Number of protein chains: 2
Amino acid sequence: MIFSINRDVLLNNLIVIQRGLPNKTPLPILNAIKFEVNQDHLILTTSNSDLAIQVLIEDKSLKVTQVGKAAIPGKFLIEIIRKLEANTIEFAVLEERSVVIKAERSDFKLNLMDYLDYPEVDFLELRHPILLDSEIIKTIIKETNYSAANNEKRPILTGVNFHYENNQLQVIATDSYRLSKKEIKLRENVESFNFVIPSKSLDELSRILDVVSDNVEIFVNPNKVLFKFPNIMFQTRLLEGKYPDTSRIIPTEFPVIIPFNKEELLSAVERVSLLSPRDKETNYNIIKFTLRSDHVVEISSTNPEVGDALEEVTPNGMVTGSSLQIAFSSRYLIEALKSFASSDIVISFAGEVKPFVIKGQLDIDLLHLILPVRID
Amino acid sequence: MIFSINRDVLLNNLIVIQRGLPNKTPLPILNAIKFEVNQDHLILTTSNSDLAIQVLIEDKSLKVTQVGKAAIPGKFLIEIIRKLEANTIEFAVLEERSVVIKAERSDFKLNLMDYLDYPEVDFLELRHPILLDSEIIKTIIKETNYSAANNEKRPILTGVNFHYENNQLQVIATDSYRLSKKEIKLRENVESFNFVIPSKSLDELSRILDVVSDNVEIFVNPNKVLFKFPNIMFQTRLLEGKYPDTSRIIPTEFPVIIPFNKEELLSAVERVSLLSPRDKETNYNIIKFTLRSDHVVEISSTNPEVGDALEEVTPNGMVTGSSLQIAFSSRYLIEALKSFASSDIVISFAGEVKPFVIKGQLDIDLLHLILPVRID
């Protein structure tokens with residue numbers, strides 16, 4: 001295996017596939033990046049227990065002298081390429097079990113792992129992909145993924161539910177204290193599907209979408225889903241089990257509806273949470289939200305050990321309803337507000353002990369729901 | 001105690017005195033900032049076991065309605081002022097043991113601590129200060145402080161030695177593996193002194209110097225030293241004990257002298273250290289440095305578990321001496337190189353098992369010394 005390639009081209013591809021390197025693994029070979037060097041292209045693969053990533057590099061800077069395969073320790077390789085300033089980097093497997101990496105006056109020799117040990121990764125190749133703009137996937141992840149559970153009490157909730165039926169895609173994440181729901185119409189009709197992607201995999205996909213902006217084809221089978229970009233395949237396992245039906249917890253009648261400027265509400269909530277006491281169960285700061293009869297909203301917290309905070313926020317439009325007092329985790333509201341593109345948002349309350357709903361003026365297809373906590 | 005003040009003025013002063021809040025303290029009152037509100041100025045004080053800071057605020061935005069004193073929890077106060085967007089902030093101690101902080105539509109009430117519990121801080125007020133430009137102090141700290149020991153094996157080495165005699169100030173820091181020495185002439189003659197400032201105090205002073213650029217007067221007594229700026233007093237305890245005499249460990253004869261471009265050497269060393277094995281004692285990466293007979297320098301590391309790295313660096317001037325092989329901690333060299341303003345540096349070697357010396361072409365008053373490790 002002997003080849004040379006432009007440093008930036010290689011690094012940009014390594015940045016994509018590094019998302020597939022495991023943090024910890026009982027299978028040391030997975031710490032390697034699998035290189036397959038062919039006459040006119042390279043294929044690099046990483047994988048772990050959740051996902052597998054493969055990139056295809058066809059670049060005019062690639063000069064292959066000898067085809068071959070190798071399993072190169074991933075983290076060391078990426079660190080080295082990152083630190084090299086040379087334009088061209090040469091790779092050569094000359095002796096058994098080591099690769100020489102040369103660039104101008106730098107000369108590295110890395111011990112190889114046995115590429116025959118690298119587990120075979122099967123990427124789905126099915127018909128009938130779902131076609132999506134990568135920008136849309138990135139937005140969906142940003143708008144929903146943070147609501148997924150980060151503990152394993154109910155494993156299915158650590159994923160995000162993608163449900164498609166009759167041209168309508170519905171994406172839901174919930175940790176049972178709050179919920180995010182995004183609905184979009186797909187342009188073309190495909191077979192209906194219903195699966196749950198691990199939240200961590202979506203984090204990694206989102207990082208890749210920071211540097212990739214091509215369209216994507218999505219292939220699904222019962223166990224996994226493949227996101228296929230022109231030169232990148234990103235495949236993740238799906239979570240097993242039935243995602244709970246959340247449709248009935250979203251209230252339909254709202255006696256109190258209050259419109260806000262998002263930034264103004266956000267800064268007031270952030271200030272009040274500085275002093276607010278923490279909820280025993282979630283360890284998040286609890287704040288109180290009161291609609292006064294003069295239609296000014298008070299956001300407040302009382303912490304016997306530290307002190308009190310009180311902010312007044314004036315709704316930026318017509319208020320429905322007269323008075324209300326409700327308490328909830330400030331972090332849930334902060335995270336929900338930050339996921340909206342709209343600068344104007346509306347909060348609709350079903351009652352003091354019922355979930356409330358946040359929507360954005362511009363984000364009509366997005367809904368956030370937060371469960372209140374009981375206050376004395 | 002009732003007053004109002006411009007938010008930015010207050011915040012900038014809080015940023016200075018927050019360096020005096022303790023991280024952990026057995027004395028809870030020290031978590032407070034002591035406010036002394038007088039008719040036309042405020043005095044704020046913080047202190048911990050190492051240092052004490054006091055700022056004097058005389059600003060035209062300050063309006064005092066009622067003088068008074070209070071001990072306000074420091075971290076909460078700073079967080080609140082940081083998050084407030086208002087122009088003016090009002091403070092009022094109305095009830096016993098709580099202060100109300102108002103700004104536009106924000107309203108905070110913080111529990112006070114008892115200001116009578118706040119320990120009296122005596123700031124030195126002596127004659128005959130040493131006058132220094134604050135830029136010079138900042139440079140001295142940057143150039144020497146990182147060489148001080150960060151463990152307590154020999155407590156005196158956790159400080160930096162300032163020694164003044166015959167118009168000449170000599171500043172030395174060493175952890176016994178490397179040493180930094182800075183020498184400068186003072187403009188006016190003062191009494192000689194010799195003291196050791198805790199490295200951590202210098203870190204805090206350096207952070208304050210990031211935002212303050214006035215001249216400074218330095219007052220010294222046997223136990224503490226005061227840095228006095230027009231509106232800030234920064235006082236730190238001194239370390240007890242005699243600082244070791246390091247003059248004899250600096251070699252005077254150098255059979256090998258090699259000039260380098262600093263950046264080129266630095267990147268080569270950083271790359272080689274990616275793979276280098278760690279020293280058992282210091283846990284730092286060990287690299288090898290070889291002067292070849294063709295006057296090219298090889299920097300290399302060999303790590304049986306990972307692989308080898310080799311960089312060639314060409315000296316950027318006349319080399320004295322013929323050949324040399326020496327090994328040392330790459331981190332010591334990286335930190336030393338980064339502290340130089342010069343782009344050209346010179347390394348002088350006294351022998352393969354003797355300390356070597358780094359100097360910069362522009363930094364004539366600065367010297368770094370590094371002890372090699374034995375290689376097999």
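Let's start with a pair of helices in chain A: the axes of helix H1 (residues 7-17) and helix H2 (residues 74-83) come within 10 Å of each other and cross at roughly 140 degrees. Here axes are lines fitted to C-alpha atoms, for helices over the stretch in contact, and angles run from 0 to 180 degrees between N-to-C directions. H1(A) and H2(A) are therefore oblique to each other; angles under 35 degrees count as roughly parallel, over 145 as roughly antiparallel, 65 to 115 as roughly perpendicular and the rest as oblique. Their crossing is left-handed, a word used if the near helix is turned anticlockwise from the far one by less than a right angle, with right-handed used if clockwise. On the H1(A) side the contact is made by Arg7(A), Leu10(A), Leu11(A) and Leu14(A), and on the H2(A) side by Ile78(A), Ile81(A) and Arg82(A). Contact means that the C-beta atoms of two residues, placed from the backbone, lie within 7 Å.

This is a predicted model, in which local features need pLDDT of at least 70, side-chain atom pairs count only at pLDDT 80 or more, and totals for chains, interfaces and linings use all residues. Residues are numbered from 1 along each chain as its sequence is written, while chains are lettered from A and ligands numbered from 1 in the order in which they are written. Helices (H or I, at least four residues) and strands (E, at least two) are DSSP runs, numbered from the N terminus.

The axes of helix H5 (residues 262-273) and helix H6 (residues 330-338) of chain B come within 10 Å and cross at roughly 155 degrees, which makes H5(B) roughly antiparallel to H6(B). This crossing is left-handed. Residues of H5(B) that meet H6(B) include Leu265(B), Leu266(B) and Val269(B), and among their partners in H6(B) are Leu333(B) and Leu337(B).

The table sorts contact residues by class: Ala, Val, Leu, Ile, Met, Phe, Trp, Tyr, Cys and Pro count as nonpolar, Asp, Glu, Lys and Arg as charged, and the others, Gly among them, as polar.

| H5(B) with H6(B) | seven residues | two residues | two residues |

How do the chains meet? In all, 26 residues of chain A are in contact with 26 residues of chain B. H2, strand E9 (106-111), helix H5 (262-273) and strand E21 (307-313) of chain A each supply at least two residues of that side of chain A. E21(A) runs antiparallel to strand E9 (residues 106-111) of chain B, joined by five bridges, and Ala309(A) stands opposite Phe108(B). Because 100% of the interface residues of chain A are also interface residues in chain B, the copies meet through the same surface.

Chain B also holds an open sheet of eight strands, in the order E6-E2-E3-E4-E17-E16-E15-E10, with antiparallel pairing; two strands pair if DSSP finds at least two bridges between them. Its edge strands, E6 (68-73) and E10 (130-132), each pair on one side only. From one strand to the next, the twist averages 20 degrees. Within the sheet, E4 (residues 51-57) and E17 (residues 232-237) of chain B pair over five bridges, with Ile53(B) opposite Phe234(B). Helix H2 (residues 74-83) of chain B lies across E2, E3 and E6, running at about 90 degrees to E6(B).
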